[in-house]
Amino acid sequence: MVFYRSVSLLSKLRNRVVQQPSLTNSVRWLQIQTSSDLDLHSQLKELIPEQQERLKKIKSEYGKVQLGNITVDMVLGGMRGMTGLLWETSLLDPDEGIRFRGLSIPECQKVLPAAKSGGEPLPEGLLWLLLTGKVPTKEQVDALSKELRSRATIPDHVYKAIDALPVTAHPMTQFTTGVMALQVQSEFSKAYEKGIHKSKYWEPTYEDSLSLIAQVPAVAAYVYRRIYKNGERIPMDDSLDYGGNFAHMLGFDGPEMQELMRLYVTIHSDHEGGNVSAHTGHLVASALSDPYLSFAAALNGLAGPLHGLANQEVLLWIKSVVDECGENITKDQLKDYVWKTLNSGKVVPGFGHGVLRKTDPRYMCQREFALKHLPNDPLFQLVSKLYDVVPPILTELGKVKNPWPNVDAHSGVLLNYYGLTEARYYTVLFGVSRAIGICSQLIWDRALGLPLERPKSVTMEWLEAHCKKSA
Ligand code: NMX
Ligand code: MLT
């Protein structure tokens, strides 16, 4: 016990040191890795009791504190501006964009371990950060990569379930079917059937979540290979990390595409709790549905064109611009095309947001990637022109709250450049990434014992009567 405490103390001290690079050289002796240091599960086990106490304290001390006023507008307006969810892994600022456990995207790019020096963050590192709130060492990330690889085998019935669908079914339908087929292995469901105590829920949820995160790239890659590459499966490469392996299983082995995939999976993972996919996953999980059921539900929300499917819509729309006007379209022609889209009652995909009020930092980091790796690509140049042309037009409409581009405005042209040209597949990539955010929070939902989600609804008659009374 005494030994355990000193190792644990040493480990805490070392973690602090690792986060302050100026100290790392002088205290190298502290960089002893214990087996529990490298194990995400042990780290969580240590963190959970203190966070449970923290939540209890907030409830007992601040339970009656008011959080703004809910208005009829909010009830009728898709609950915009209503604070209604606890979501620990990330927080969205309307102007600054997303922070993962307090770190912005540029900060994550700086501090999270990469495959090679100066490279894009490894998504496993982000998973560690989301779960523990701590920046992992490269050794911790490598240990997690290895663990994910060890959980990645796909049972044969999953492929058979996907194969039962017509090959023409939308890739998101095939992907979600694969996730639902994985559900039969749920440890949480089995443990619940056996009567597990509620204080232990987080443990099988952790098992399911890590397995699900480990398995979704192979399921997603199968969907791609089935639809577009005659069903030839590419096995995982044991020498590769999560993002690199995903690109590899899809059939892309170029180092730049692997870097893009690491960045892509990292930045799409989490966007606080109120977006449609995260909120759906959280809602379904609140009924104690297991991680597979909850994540499959989340994917069905992601498949909507106002949410994740927008990445497909953007590339298809850009291609329709090129088909009609050519690649060297002028800004005036582009303005006409944007107006034509709006006048036909459609949205301009990739622009606007429910919360953000400035350009999405996820757009900006993809733009930086493009400036570094594909500055002369005609479709990237078209995307850059859209950045100039679309916001003033949306502003002129007078009703759009955020005229700036979101994450989906950029992702397609990058993938297209490296040969992943099949736009209908793009939302599946978003889905793989989102497993990391949704499952991380789900483990905390269970650890903190968050309750069944069940807001009150009212009818129009109730609203009219209530408003007349209060007038
Ligand atoms: N093009 C045309 N009209 C728009 C756009 C746009 N890009 N963005 C907002 N509007 C309209 C919106 O349809 C609404 O019109 P109406 O009152 O006639 O229904 C009005 O402007 C006010 O909407 P907002 O309050 O600005 O936006 P809201 O929070 O309701 O919706 C989105 C946010 C993201 C759904 C919306 O901006 C949109 O439809 N964008 C295009 C689709 C898209 O890129 N979605 C991806 C979002 C990111 N993600 O991955 O999930
Ligand atoms: C997301 O990543 O979930 C989208 O930007 C939508 C949102 O945050 O509402």
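Author: Before we start, a crossing is left-handed if the near helix is turned anticlockwise from the far one by less than a right angle, and right-handed if clockwise. Keep in mind too that this is a predicted model.

Reader: Why would you call H18 and H20 roughly parallel?

Author: Because angles under 35 degrees count as roughly parallel, and the angle for H18 and H20 is about 30°. H18 and H20 are therefore roughly parallel to each other.

Reader: What about H17 and H19, where do they cross?

Author: Helix H17 covers residues 331–343 and helix H19 covers residues 378–397. Their axes come within 10 Å and cross at roughly 50°, so H17 and H19 are oblique to each other.

Reader: Left-handed or right-handed, that one?

Author: Right-handed, for H17 passing H19.

Reader: Switching to ligands. Which residues sit around ligand 2?

Author: The surrounding residues are His271, Asn275, His307, His353, Arg362, Phe430 and Arg434. By class, that shell has 1 nonpolar, 4 polar and 2 charged residues.

Reader: Which side chains have a polar atom by an oxygen of ligand 2, say from Arg362?

Author: For Arg362, a polar side-chain atom lies 2.7 Å from an oxygen atom of ligand 2. Arg434 has a side-chain N or O atom 2.6 Å from an oxygen atom of the ligand, and for Asn275 the distance from a polar side-chain atom to a ligand oxygen is 3.5 Å.

Reader: How much of ligand 2 does the protein bury?

Author: The protein buries 84% of the 260 Å² that ligand 2 exposes when taken alone.

Reader: And ligand 1, which residues come nearest?

Author: There are 20 residues around ligand 1, and His307, Gly350, Lys399, Lys401 and Asp408 come nearest. His307 is also one of the residues around ligand 2. The ligand 1 shell splits into 10 nonpolar, 6 polar and 4 charged residues.

Reader: What backbone contacts does ligand 1 have, starting with Gly350?

Author: A backbone N or O atom of Gly350 lies 2.8 Å from an oxygen atom of ligand 1. A polar backbone atom of Lys401 is 2.8 Å from a ligand 1 oxygen, and for a polar backbone atom of His353 the distance is 3.5 Å. As for cover, ligand 1 has 890 Å² of accessible area on its own, and the protein covers 75% of that.

How values were computed: Residues are numbered from 1 along each chain as its sequence is written. Chains are lettered from A and ligands numbered from 1 in the order in which they are written. This is a predicted model: local features need pLDDT of at least 70, side-chain atom pairs count only at pLDDT 80 or more; totals for chains, interfaces and linings use all residues. Side-chain values use heavy atoms; hydrogens and water are left out. A residue is near a molecule or strand if one of its heavy atoms lies within 4 Å of it. A polar contact is a pair of N or O atoms within 3.5 Å; within protein, one must be able to donate a hydrogen and the other to accept it, and residues adjacent in sequence count only if both atoms are side-chain atoms. Accessible areas come from the Shrake-Rupley method with a 1.4 Å probe; for residues, only the protein chains shown count as cover. Ala, Val, Leu, Ile, Met, Phe, Trp, Tyr, Cys and Pro count as nonpolar, Asp, Glu, Lys and Arg as charged, and the others, Gly among them, as polar. Axes are lines fitted to C-alpha atoms, for helices over the stretch in contact, and angles run from 0 to 180 degrees between N-to-C directions. Helices (H or I, at least four residues) and strands (E, at least two) are DSSP runs, numbered from the N terminus. Angles under 35 degrees count as roughly parallel, over 145 as roughly antiparallel, 65 to 115 as roughly perpendicular and the rest as oblique.
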